Amino acid sequence: MVEKVKRDGKVFGLCGMKSTRIVNPYENSPTMNKRVRNAAALKVDAPRSWEDAEGQVREWEQMSCFTMTDSLDDVTWTESSDLSEPKTQRLTILWDLESPTFEAELGALRYLTKREQEHKETGPTTQSLNTFKMILDFQGAQVTRTNLMPKLLQKFDSFNSDHQRAYSALKGIKNHLFLINGCPGSGKTEWNMIVAAMIQATQRTGSCRPVPRILYIVDINKTVDDAAARYHRLCQEVGVSSLAVRMHGWPSEMRSSTRLNVDKDNNKEKEKGFGDITMKFLVTGDLSRTGKRNTDAVPTLDEAAVVLGLTDIVFTTPVPAAGHFADVFRPEVIFVDEAPHARELTTLITIAYYSPRVWIFTGDVKQTLPFVKGGERHDAARDGLQFNRFAEQLKMSTMARAEQVDALDARLLVNKRAYGNLHLLPSKLFYGEEMISDHAPEDMYPASVWNLKEFLQDLNNEMTQDVSQNRIIARLKMSQQCTQRSSFWNPEHQRWVIELVEKLLNLPGLMSIDCPDRPGTIMIMTPYSAAVRKYDAIVRKWPFEWQKRVQVLTVDKAQGRQADVVVLDMVRTDRPGFMTSEHRLNVAITRARQAEIVVMHPAMAMGRRTALTRLWDCVKAGNRVFEI
């Protein structure tokens, strides 16, 4: 501003303020004065310090010196309004003319054509120069050919015979449904990921969607998170360009939104969110569901992000995938991972609302069943529920029915997870000894697995021979279960397990089986939520480096997870409880990669013969039940 400003007896010069030309927000307003509509608009960044006439720098909240209005709509304008001298401020504007596009274009041309003169060491690569020479006339350049999928093909080449057969079976899909049953550690999710990446790496020409869309469904939120992160890492590793999105349900997305969770008083985020989901986006979603949205209106950016389908693959649980989302995201392939864990009605969501080229269901019918409440009369009465006479039917998944009538398309029975002969017992108990290891006998005991074998042997001073499998049962003579509400925990088990885990965390030889330069992980698993809470309260007090290596889970939440060492606390000392379920026990003893310690009272193996009884008998026959 050319004129000086007088305030409180001081004279201020308002110069050097940075401004940026913006679109006049009133240029298309039919109610606004014509002179205002035709005026240039600038955004002015007024500093908070000023230099007065004496050259002194002063702090001044300059905006308080102006009459402020939220909108020019609040100002009275007429066509005859003039800007007489008392109402004006004279401005001197220094234009800073820039042409970044022009400079970037010529800069690139100079970079490619004057390499010898100006860029002796940091010039363009040979690949860039060859491509540049080729586009000069598309004839004279030396031709080199590139395979964009070498790493992905290496992943494909790592498929074992079961994986290869399952892949080959995709040539003959019946009625667009493909069912793959796989044992624990057989690489079901890995197979899904590689197949998905191969589908999306094969981009189509002449199509409005060059990358085929995929919907990836799992019925457990944590497993969905893991799958999304795993696919993202795979795409980065093999060079597949795929925009992946993890979609939560509407209430969860609302809670997670950074824009919605802002403390207006302090202008701070209340909590870290997953993304910037605006209120307008959420409202639009609701209107779209009810069909009341004005379809003639130009979509907002929020709407376009969904409606235009920028996303290539969405990872989510079944419920968010229902309803309106099926109208805006139309996948060509749908993966339903851990399908036997979902109720059949749940899996129908993807069949009802979508019409892909194929639904691929993967999972293991011999692991955790679908969760259904109200199936036992006394449990239903205790929880205030009606007895559900359809409970047993609801516990049978689509894949379980298919297995009953031999309608599965492929079976994966090669265990890639377990070392130290850990696969032998579950293979005998649950898979008719058909589950085999992917590791040759000479590769069954790498260094870390061997160290854990010696660690297990040292737990029993009376041990006179090597353990044949890295699995033991520890019987604690002083153990006694305790009740907490309707759940259980065992103080003696907890004390011994915590001491054991601390020893393992300090064991130098416990290293990751996949990354030998990284410490190994430990899972504390138990059937009862009360015991989980007790363990978790202790683990949370450990150093952060330890916490990163230890996870505490119930058996029902452990499906799809693994750890280098698993400590399974069975808790009970009077009866087996719900661990009589073969499906649940199968999950429990197939999470370990290198070693497993089962803390178990013999009372759990007594009574009618169950899988728990066979577990105890098999481990005892190998002299691996330790009295402690």
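**Exercise 1.** Determine which residues form one aromatic cluster, and characterise the pair of tyrosine 216 and phenylalanine 315.

Solution. Tyr216, Tyr231, Phe315 and Phe335 form one aromatic cluster. The model is a predicted one, in which local features need pLDDT of at least 70 and side-chain atom pairs count only at pLDDT 80 or more, while totals for chains, interfaces and linings use all residues. Residues are numbered from 1 along each chain as its sequence is written, and side-chain values use heavy atoms, with hydrogens and water left out.

Rings of Phe, Tyr and Trp (its six-membered ring) pair if their centres lie within 6.5 Å, and planes under 30 degrees apart count as stacked, over 60 as edge-to-face and the rest as tilted. By this rule there are 10 aromatic pairs.

Next, take the burial of phenylalanine 178, whose relative accessible area is 0%, where buried means under 20% relative accessible area, exposed over 50% and partly exposed in between (1.4 Å probe, protein chains only). For tyrosine 216 and phenylalanine 315, the ring centres are 5.1 Å apart and the planes lie at 35°, so this pair is tilted. Tyrosine 216 belongs to strand S8 (residues 214-217) and phenylalanine 315 to strand S12 (residues 313-316), so that distant parts of the chain, 99 residues apart, are linked; helices (H or I, at least four residues) and strands (E, at least two) are DSSP runs, numbered from the N terminus. Both residues of the pair, tyrosine 216 and phenylalanine 315, are buried.

**Exercise 2.** Which ring does the charged end of arginine 377 sit over?

Solution. The criterion asks for NZ of Lys or CZ of Arg within 6 Å of the ring centre and within 35 degrees of the ring normal. The charged end of arginine 377 is placed over the ring of phenylalanine 387, 3.9 Å from its centre.
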